[in-house]
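Subject: Handing over the two-chain model

Hello,

Here is the structure I promised to pass on to you.

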Amino acid sequence: MFSLELLLDAVVLGVMVGCFYAAVSIGLSISFGLLDVPNVAHPALLVLASYGAWLLGDFDIDPIVAGFIMMPAFFLLGVMLYRTYHETFEKRGSDAGVRGLAFFFGIAFIIEVVIIMRFGVDQRTVQAFYIGKSIEILEVRIPMRMVAAFVVAILLSLALTLYLSKTFLGRAIRAVAQDEAALRLMGANPVAIKQWAFGIATAVVALAGALLIIVQPVEPTLDRAYIGRTFCVVVMAGLGSMSGTLVAGIILGVAETIVLTMFGASWAPAISFTLLLLVLGIRPQGLFGR
Amino acid sequence: MTGRGVWFWIGAALFIALAVALALVVRNEYVFFAGFVILQFIVLATAWNILGGYAGYVNFGTSAFFGIGVYTAIFLLKAFSAPLLVQIGVAAVVGAAMGLGIGLLTLRLRGIFFSIATVAITIIAETLIINWKFVGGATGVQMLRPPVTPPFDSYIKMLFVVLAILVVIAVALARYVQDSKLGRGLRAVRDDEVAAESCGVPTLNLKLVACAISGALMCAAGAPSAMYLQFADPVSAFNLNYSVSALAMSLIGGTSHWIGPVLGAILLGSTQQLLTVTISSEINVLVLGLMLVLFVVAAPEGIIGLVRRLWRRVGKGSP
């Protein structure tokens, strides 16, 4: 039933799936990992972006191109979300934790229900020249859609890592994550920087959502599975670590595909959550945590 | 017993008497179908508030406890054909044990980490049940109601009265927790956990007790559901809607007093029943989400806060 060949299959596919998981989590790695915003609406935004890519698919737009087209709109959405969060919770201080969480939880539910009411509960897929074909790597058959997602995911992680370490604004974002008060003493405005960063994090979600609908059919309640996956990756990586996100994504991806081939699909949803609990219990600062 | 305590118990007795009277007089069964759900939400919201409101730990895992309650009842029914009250009692014990276990595992985590961990437990519990064939697995399980005990003439009416009693137990517990040393300790945890700890408040123990009480009530609320629907499947028993409802009802009602979740559950529960019947069940989830966001943004103290503000304004206005 289980052979070395199957294991190799699982590992190769797992690495690709893992890079895809890193791509869908990297926005959360910025908004939650660096900015400390309890953004539980992240997976719902991801599914929203998938539906955007699906709608644009009607005009014969390639899903990845659609991801880029949606970026400005998602950037604005992110800025608005952060603005509301800041004005109503961060400023008020003390009880921000409970209500801030409830706020994002509520937003996630609204997005989910609006999608159900507008488009129904059917699964949606997109068309593109690379979907449906497959290629062979290391004698393992890999669907082309995974390869496309894999390449974009790697490029996205690379671009964000460079952005955060080489550009002025990117460094400012990391500075705000490290010591907000110090930044304020330097005469910079931490709120403006965080707003910009949250905008970027949400814009990245637009592209990640497009990848999601390339990789698998999307339905409105898919965000629930991705709560586990995205938070698992971000927490395992160590909050705010971009390179860690890639490694953690791959660990999750390989673990999921191995369990999938050994025990069957019905156990798959619990993997990410179990890993998450393990990380929280054993090493809460994550693999690459400060 | 203080004066207020007497009034509370008189009110509780009147409430149960009213429920029994309704069950004996009213013919239309729909009243009890809808009433059951509203009472269930009162228990869930009250239970949520013991940990979420008093201690400030946002539990997204209401549906985990609820679902385990449902499946405890099903297991007892299939294995020993246990009667309803035994199902509820055992579910409460299981819930308390589960609350303690989850508490030990997750309550050292703060804020969002605790919340995400509770979502994790929901999904893990659901996956376990899906893979457990004895209680029906993924396809669910159907059950027959046992014959009803007099003086009730239908099972649903009996369930309604049982839930009414459960509501009184839940509210009495919440009220006790709020006024006791436990409640004051939990509030200290909410306001500043580190400060409370350094003043000698045994924060972890208090949180564990709160988590156990809350879990026991949630599981107990889930148990009668099996008989209510005569059917259960993992996807609906562990539906995240229970989590968001319990949380939203508490926050909308107001978390600082035990009456808050009760008000929130009655208001939102009846609106939901109305909307489900007149429009669709999707729209009631939408209304719930919108109300939740609206309240946490515009009225952070909930209905209680609004009433208090109104009260003060009236007090000032009159000479």
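In total, chain A has 11 helices and two strands, where helices (H or I, at least four residues) and strands (E, at least two) are DSSP runs numbered from the N terminus.

Before you read on, please keep in mind that this is a predicted model, in which local features need pLDDT of at least 70 and side-chain atom pairs count only at pLDDT 80 or more, while totals for chains, interfaces and linings use all residues. Residues are numbered from 1 along each chain as its sequence is written, chains are lettered from A and ligands numbered from 1 in the order in which they are written, and side-chain values use heavy atoms, with hydrogens and water left out.

**More on chain A**

The C-alpha trace of chain A spans about 60 × 45 × 35 Å along its principal axes. Of its 290 residues, 57% count as buried; buried means under 20% relative accessible area, exposed over 50%, and partly exposed in between (1.4 Å probe, protein chains only). If you take the contacts in chain A with a separation of 6 or more, 77% come from residues 24 or more positions apart, a contact being heavy atoms within 4.5 Å. Chain A exposes about 12100 Å², and carbon and sulfur atoms supply 67% of that; the areas come from the Shrake-Rupley method with a 1.4 Å probe, and for residues only the protein chains shown count as cover.

As for charge, chain A has 18 positive and 18 negative charges, with mean positions 9 Å apart. Lys and Arg count as positive and Asp and Glu as negative, while His and the chain ends are not counted. Each charge is placed at NZ of Lys, CZ of Arg, CG of Asp or CD of Glu.

**Chain B**

Chain B comes to 14 helices and two strands. Its radius of gyration is 20 Å, close to the 20 Å that the globule rule gives for 319 residues, so chain B is as compact as a globular protein of that length. The C-alpha trace of chain B spans about 60 × 45 × 45 Å along the principal axes, and 58% of the 319 residues count as buried. Among contacts in chain B between residues at least 6 apart in sequence, 81% join residues at least 24 apart.

**Where the chains meet**

The interface brings 39 residues of chain B into contact with 36 residues of chain A. About 3400 Å² is buried between the two chains, and carbon and sulfur atoms give 84% of this. In chain B, the residues losing the most area to chain A are B:I112, B:F113 and B:I116, together 16% of what that side buries. Buried area here is the accessible area (1.4 Å probe) that two parts lose on being put together, summed over both.

Leaving out residues up to four places away in sequence, B:V293 touches A:F103, A:G106, A:I107 and A:I110.

**A few more residues**

B:A210, in helix α9 of chain B, is buried with a relative accessible area of 0%. Apart from neighbours within four places in sequence, B:A210 is in contact with B:I50, B:L51 and B:L186.

Most residues other than glycine have a negative phi. B:S81, however, has a positive phi near 35 degrees; this serine is in the loop between α3 (62-80) and α4 (84-106) and counts as exposed at 59% relative accessibility. B:Q230 also has a positive phi, of about 60 degrees. B:Q230 lies in the loop between α9 (203-229) and β2 (231-232) and is partly exposed, at 27%.

Best wishes

Definitions and conventions:
The radius of gyration is taken over C-alpha atoms; the globule rule is 2.2 Å times the number of residues to the power 0.38.
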